[in-house]
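This briefing covers a predicted model.

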Amino acid sequence: METMDREATQTAPAGPACEASDLDAADAVVVARGITRDYGEGDAAVHALRGVDVDMVRGRLTAIMGPSGSGKSTLMHILAGLDEPTAGTVEVDGIEITSLKERELTQLRRDKIGFIFQTLNLLPTLTAQENIELPMTIAGRKGDGQWVGQLIDTVGLADRLDHKPAELSGGQQQRVAVARALVGRPAVLFADEPTGNLDSKTGDQVLDLLRRSVDDFGQTIVMVTHDAHAASIADRLLFLHDGRIVYDCGRMARDEIFEVIKSLEDRR
Amino acid sequence: MIRIAWRSLLAHKLRSFLTALAILLGVAMISGTYVFTDQISRAFDEIYSEAFKGTDVTITRTSSFSSDYGAAVGGLPESMVEDVRAVDGVKEANGYISGMGAIAVDGEVVETGGSPTLFFSYVPSAMSATSYVEGDPPTKPGEIAVVKGLAEDEGLGIGSPVTVIADTGTYETRVSGVFTFASESSLGGSLLLNTTFEDGQLWFDLDGQVSEIDVTAADGVSPDALATRLRAALPEEADVKTGEQAAADASQQISDALGTFINPVLLSLGGVAVLVGAFIIFNAFSMTVAQRRREFALLRALGALRRQVMWSITGEALVMGVLASVLGLVVGMGFAAGVNALMKALNVDIPTSSLVMQPRTVIVGLVVGISITLLSAVVPALRATRVPPVAALQEGATLPAARYSRFTPYVAAAVAALGVLGMVNGMYGVGSTTQRLLAMAVGAVLLFVAVAMLSKYFVAPVAGFIGWPLTRVAKTSGRLARDNSMRNPARTAATASALMIGLGVVVFVAVFAQGLKSSFVDGFDQVVRADYVVAATNYLTLPGDTARRLEYVPAVDTSAGVNIQVVQTGGAKKTTTTLNGVEPSTFSKVWSFDWIEGDDTVLPKLGTDGALLEEQTARSLGVKVGDSFSVQSPEGEKAGFEVRGIYRDPMMLVGITVGDAAYDRLSPRSQLYMVLVTATGAQGADKAALEGALADVPTADVMTAAEYKDMMVGSINQLLNLLYGLLAMSVIISLFGIVNTLVLSVYERTREIGLLRAIGASRRQIRRSVRYESVITSVIGGVLGILVGIVFAYVVTTRFGGMGIKFSVPGAQLVVFLVIAVVVGVLAAILPARRAARIDILEAIHYE
C-alpha cells in the first residue's frame with residue numbers, strides 16, 4: 001500500500017535543501033502518526049494525506065506550507081480534531097483524540113485548543129470584549145481578569161472593546177481573534193491563513209502578535225499558510241506536497257521559502 | 001448563551017419583528033376573545049346582581065327540562081302570591097308579569113339586532129331595580145314606561161304613542177314615564193318596558209297568572225332559610241331560588257351561551273392564527289439557522305457543546321415568544337375593543353363593561369404563545385447542532401440534512417394517519433360533542449402538518465408549473481423567480497403552508513356554507529308550496545290569530561301556520577327536539593312533505609295522538625310507523641303519540657310534527673313561527689292585500705317565497721362575512737410570513753443580486769423576479785389551501801349529510817380566493833423587492 005509506505009513519505013526529494021529543524025521532538029504537544037485521509041472510495045478516491053508523522057513542539061511556532069491541494073488544511077483539521085483521519089493516531093497534550101467521542105472532542109477543543117480562522121472569527125452580534133471572553137462564556141467559567149487585561153494590552157485594542165466586529169477594520173478583527181484564541185491558554189493554537197484576508201501592514205501586526213505570544217507566553221502555535229512572508233516568522237516549517245511532508249526545516253528567510261515553494265509548484 | 005440569543009434578536013430587528021408578529025397576532029386573537037367574552041359575562045353579572053339586589057327569594061315556574069334553546073315556560077297561579085305571603089318569615093312578596101314582544105314607534109318596529117324586547121309589570125316596591133328619572137310608573141291600562149336609552153334613541157317623551165306587539169295582539173299605548181334599570185340606561189341591546197300588572201296579563205296570555213314572585217325576608221331570616229321554608233310550603237311547579245342564586249344562574253346562562261358558541265368559534269380562529277404563526281416561526285428559524293451556519297460552527301470550534309448551540313436558538317425563541325406573547329396580550333385588549341366596535345357596526349348591541357384581563361387570559365395567552373414559539377424553533381435548533389465545527393473554515397457548505405430527514409415521508413404518513421384517526425374519531429367516535437369536536441380539530445391540524453411536511457416533495461414541480469406562464473410574460477425575471485422558488489423546496493413549502501392553512505380554513509367555511517345555503521334553498525323549494533311566507537321580525541313569533549285572519553283576505557286560497565316549541569322526548573333516552581304544530585286539514589296545500597312512509601292523507605287524521613316524524617328524529621328515537629312515544633313540554637305537560645308517517649326534511653320542519661290540537665294540549669301559549677299562504681291573483685296585488693290585512697301587526701313581515709329564501713340566505717351570508725373577517729387575520733399573518741421569507745432570501749442572495757445587477761439586470765427586473773417568486777409561493781399556498789379545504793368540507797358534509805347539508809363547491813368564490821392568494825403574493829413582495837432592487841452593486845460583490 002503506497003499510502004502506508006512511511007519510508008517514502010519522509011524522504012526529501014531532490015530539490016533545494018534546507019537546514020533541518022533542531023527542535024527537540026521529545027517535548028511535543030501534538031503527536032501524529034501514520035495519518036492518512038481518503039475522500040471517496042474506489043477509483044474515485046482522493047488521497048488527501050498519504051501517511052504523515054509529525055510532532056508539534058511545545059512553545060514553538062510551526063508553519064505548515066504547501067500548494068493548494070497539498071493536504072495542509074486537511075492535516076490541520078485532523079490535528080485539531082475537526083476531521084477524522086482514515087488511519088493513524090493523533091495525540092493532543094497527551095490525549096489520544098482519534099478515538100474520542102463527539103462530546104469529548106468538544107471538551108478538548110474547549111480546554112486545549114485555540115483557533116484563528118481566515119475570516120468570520122467573531123460573532124457579529126457581540127462586542128470585541130465579549131468576543132474575546134466568548135470561550136469562557138461557553139465554558140461557563142469566570143475569566144482570569146488579569147490575563148484578559150494583559151491580552152487586551154498586548155493586542156492593543158483597549159479603546160475598541162465596545163465595538164462590534166462590523167465597526168472594526170479587518171486587522172483589528174483579526175487581533176481580537178488572536179486574543180480570543182489565547183484567552184483560554186490553550187495547549188496549542190491552530191491558525192488557518194490568519195493573514196489571508198489582510199493587507200501587508202495589518203498582516204504584519206497580526207504576525208507580530210503571534211510571534212510575541214510564542215516568545216512572551218510560551219504559546220504553541222501551528223499555522224497553515226501559503227504566504228512566505230507569514231511563514232518566515234515560524235521556528236519550524238513543514239512543506240506538504242501531494243499528501244506527504246516533503247521538507248521539515250528550521251527557521252527560513254523569505255527568499256528561501258519562495259525557492260522551496262517554487263520547486264514544489266514546478267513538480268506538478 | 002442567552003446573551004448571544006438576545007443580541008441576535010436585536011441585531012436582526014426586522015426579521016425578529018416579522019417573526020414575532022406572527023405569534024403576537026395569534027395570541028392577541030386568543031386573549032382578545034377571552035377579554036371580549038369576559039367583559040360580556042361581567043356586564044351581565046353586574047346587571048343581574050343589581051337586578052336581584054333587593055330580592056331575597058324569587059319564585060318562577062319550574063321548567064321540566066333545561067334546553068339550549070331556552071324553552072319558554074308559562075306562569076304560576078296568581079293565588080300563589082297570597083300563599084307566599086302566608087309563609088312565616090316573608091316580609092314582602094310581589095308577583096309580576098314578564099314577557100317578550102316588540103314595540104313600534106310611528107308604525108316602524110324598533111329593531112334590536114337580535115336582543116329581546118322585554119316587558120315587565122311595575123311593582124311599587126324597594127325590591128324593584130327600576131328607578132324613575134322622568135314621569136311616573138304606568139298605573140292605568142294603556143300606559144307604559146320605557147327605559148332611558150330607548151326614550152333617547154326613539155325621541156320618546158311623556159305622552160308619546162307606542163305600539164306594543166305582544167303574544168295576544170297589538171296594543172296602542174302612551175308613555176307615562178322613563179326609568180333606569182339597575183342603574184343602566186339600557187340593558188345591552190334589549191329594550192325594557194314597564195307595564196301595568198293587568199296589561200301584562202292580557203298581553204302575554206297570562207290571565208290569572210304571574211310570571212315570577214319576588215320575596216324579601218323578615219329581619220333575622222336568612223334568604224337560604226326562607227327559600228327552604230318556601231320550598232316546603234309551595235307545590236312542585238314553583239321553582240324557589242334565593243336572589244343571589246337567581247342572579248348567578250341568569251348570568252351563568254349568558255356565560256354558557258358564550259361558552260358554547262362565541263368562545264369556541266373565536267378561539268378556533270385564534271388557534272388557526274397561532275398554527276399559521278407556528279409555520280412562520282419554523283420557517284424564519286430554519287432560514288436564520290442556515291444563514292448563521294458559520295457562527296454556530298465557530299461556537300462549536302471554540303468548544304460549545306451541541307446543547308449550548310441548541311440553547312442559544314431556543315433561548316432566542318424563548319425571548320421572542322415571551323415578548324410577542326406579552327405584546328399579544330396588550331394587542332388582545334385592542335382586539336376585544338375592535339370586536340366591540342365591529343358588533344356595534346353590525347348593529348349587534350351587547351352590554352359591555354370595562355375590558356378586564358383575567359389571570360386565566362394571561363396564562364393561556366403566555367402558555368400558548370411561548371410554547372408554540374419554542375416548539376416551532378426546536379427542529380431548526382436541532383439542525384443547528386448538526387453543524388460541524390469544521391464548517392467554520394469552509395465557505396459555501398450547506399446545512400447538513402437533519403439526522404432523521406430520510407424518515408420524513410414516513411413521519412408525515414404517520415402524522416396524516418393520526419390526523420385521519422382524529423377526524424374519524426371526531427365524526428363517528430364516542431364521547432361528548434366537545435371531545436369529538438376537539439378530536440376533529442386535532443385531526444385537522446395534524447393533516448395540515450402532514451401536508452406541509454410532504455409538500456416539500458412536490459413543491460418544486462408545482463412551482464415549475466405555476467411559474468411557467470411567468471417565464472413567458474417576462475423571460476429573465478420569470479425564469480429567475482421560478483428557479484429561486486424551486487431552489488429550496490422545503491422553504492417554499494413551509495412558507496406556502498402558512499397561507500395554505502389560513503386559506504384552507506376559509507375555503508372549508510365557504511364550501512360548508514355553500515352547502516348549507518344550497519341545501520336550504522333546495523329543501524325550501526322542495527317542500528314549500530306557498531306563494532307567501534309571513535314571519536315576524538326581530539326573531540319574534542307572530543300573533544296566534546295571524547293565520548286565521550289571513551284566511552279572510554279575498555285573494556288568499558289557503559293560509560296555514562307553523563307553531564314551534566322545544567320538547568323533551570320520553571323513554572330511556574331523553575332528547576330535546578322541536579315540536580311543530582300545524583293545521584292538519586289545510587297544511588298539505590302549502591307544504592309538500594317528502595314522504596318516506598305515509599302520504600298527505602294521514603295529515604287530516606292526525607287528531608290529538610298522531611305524529612309525523614322527520615327521518616333523523618325517527619332514527620334517533622328508534623321508532624317506526626305504528627310505534628308510540630311520549631313527549632314532555634317545558635311546563636311539564638306530557639302527551640303520548642303514535643307515529644303515523646315519516647318524512648325527510650332536514651332544513652325546515654325538523655323534529656316532530658303534530659296537529660294544532662295536540663300542540664295546544666302541550667303548550668297553551670301561541671308560538672307561531674310562520675304562516676304560509678297560497679294566493680289566487682297577481683303577486684303584487686296579493687302582497688299588498690296581505691300587508692293591508694296585517695297593518696296592525698308591525699312585526700309581521702310579508703314576503704314572497706323567493707324573498708323569504710333570500711332573507712335566510714342573507715343571514716347565513718352575514719355570519720359568513722363575520723367569519724371571513726376574522727379568518728382574514730390568519731391570511732394576513734401568512735402574508736407576513738411570505739415577507740419574512742423573501743426578506744431573508746433576498747439577504748442570502750445579496751451577492752447574487754449584485755452580480756446580476758453588475759452584468760446588466762435592471763432594478764425593475766430584480767423587483768419583478770422577487771415579486772414573481774412571491775406570487776408563485778402564494779399561489780402554491782392558495783391552491784393547496786383550496787384543495788385541503790374542499791377535502792375537509794367534503795368529509796364533514798358527507799358525515800353530516802343526514803342533517804341536510806350537501807356538498808357543493810362555490811366555484812366563483814374559489815376563483816376569488818385564488819385571486820386573493822395572488823394579491824397576497826404581490827403585497828408581500830413590495831418591501832423585499834424594494835430592498836433587493838436597492839442593493840448596492842459594489843458592496844454586494846464584496847459582501848461576505
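The contact between the chains draws 20 residues from chain A and 19 residues from chain B. On the chain B side, helix 1 (2-11) and helix 8 (293-301) each supply at least two of the residues that touch chain A. Helix 8 of chain B gives the most to that side, with 5 residues.

**Interface composition**
- The side of chain B that touches chain A is made up of 12 nonpolar, 3 polar and 4 charged residues.

**Nonpolar cores**
- The largest nonpolar core has 209 residues.
- The members that touch the most other members of this core are A:Val178, A:Val188, A:Leu237, A:Phe239 and B:Val276.
- Helix 14 of chain B, residues 489-527, gives the most to this core, with 18 residues.
- Another core, of 109 residues, lies apart from the largest one. Its members include B:Leu230, B:Ala560, B:Leu612 and B:Leu690.
- As background, nonpolar side chains tend to be buried together in soluble globular proteins.

**Surroundings of A:Phe239**
- Neighbours within four places in sequence are left aside here; A:Phe239 is then in contact with A:Met65, A:Gly66, A:Ile245, A:Val246, A:Tyr247, A:Val260 and A:Leu264.
- A:Phe239 is itself listed among the residues of the largest nonpolar core that touch the most other members.

**Chain B overall**
- Chain B contains 24 helices and 24 strands.
- The C-alpha trace of chain B spans about 95 × 65 × 55 Å along its principal axes.
- Of the 848 residues in chain B, 50% are buried.
- Contacts between residues at least 6 apart in sequence were considered in chain B, and 83% of them join residues at least 24 apart.

**Helix 20 and helix 22 of chain B**
- A pair of packed helices is described by the angle between their axes and the distance between the axes.
- Helix 20 (residues 705-748) and helix 22 (residues 763-799) of chain B have axes that come within 11 Å and cross at roughly 140°.
- Because angles over 145 degrees are needed to count as roughly antiparallel, helix 20 and helix 22 of chain B are oblique to each other.
- The crossing of helix 20 of chain B past helix 22 of chain B is right-handed.
- Helix 20 of chain B makes the contact through B:Ser734, B:Ile738, B:Leu742 and B:Val746, and helix 22 of chain B through B:Val770, B:Ser774, B:Thr777, B:Ser778 and B:Gly781.
- The contact of helix 20 with helix 22 of chain B comprises 4 nonpolar and 5 polar residues, with no charged residues.

Notes
Residues are numbered from 1 along each chain as its sequence is written. Chains are lettered from A and ligands numbered from 1 in the order in which they are written. This is a predicted model: local features need pLDDT of at least 70, side-chain atom pairs count only at pLDDT 80 or more; totals for chains, interfaces and linings use all residues. Two residues are in contact if their C-beta atoms, placed from the backbone, lie within 7 Å. Helices (H or I, at least four residues) and strands (E, at least two) are DSSP runs, numbered from the N terminus. Ala, Val, Leu, Ile, Met, Phe, Trp, Tyr, Cys and Pro count as nonpolar, Asp, Glu, Lys and Arg as charged, and the others, Gly among them, as polar. A nonpolar core is a set of buried Ala, Val, Leu, Ile, Met, Phe, Trp, Tyr and Cys residues joined through C-beta atoms within 7 Å. A residue is buried if 20 or more other C-beta atoms lie within 10 Å of its own, exposed if 12 or fewer, and partly exposed in between; C-beta atoms are placed from the backbone. Axes are lines fitted to C-alpha atoms, for helices over the stretch in contact, and angles run from 0 to 180 degrees between N-to-C directions. Angles under 35 degrees count as roughly parallel, over 145 as roughly antiparallel, 65 to 115 as roughly perpendicular and the rest as oblique. A crossing is left-handed if the near helix is turned anticlockwise from the far one by less than a right angle, and right-handed if clockwise.
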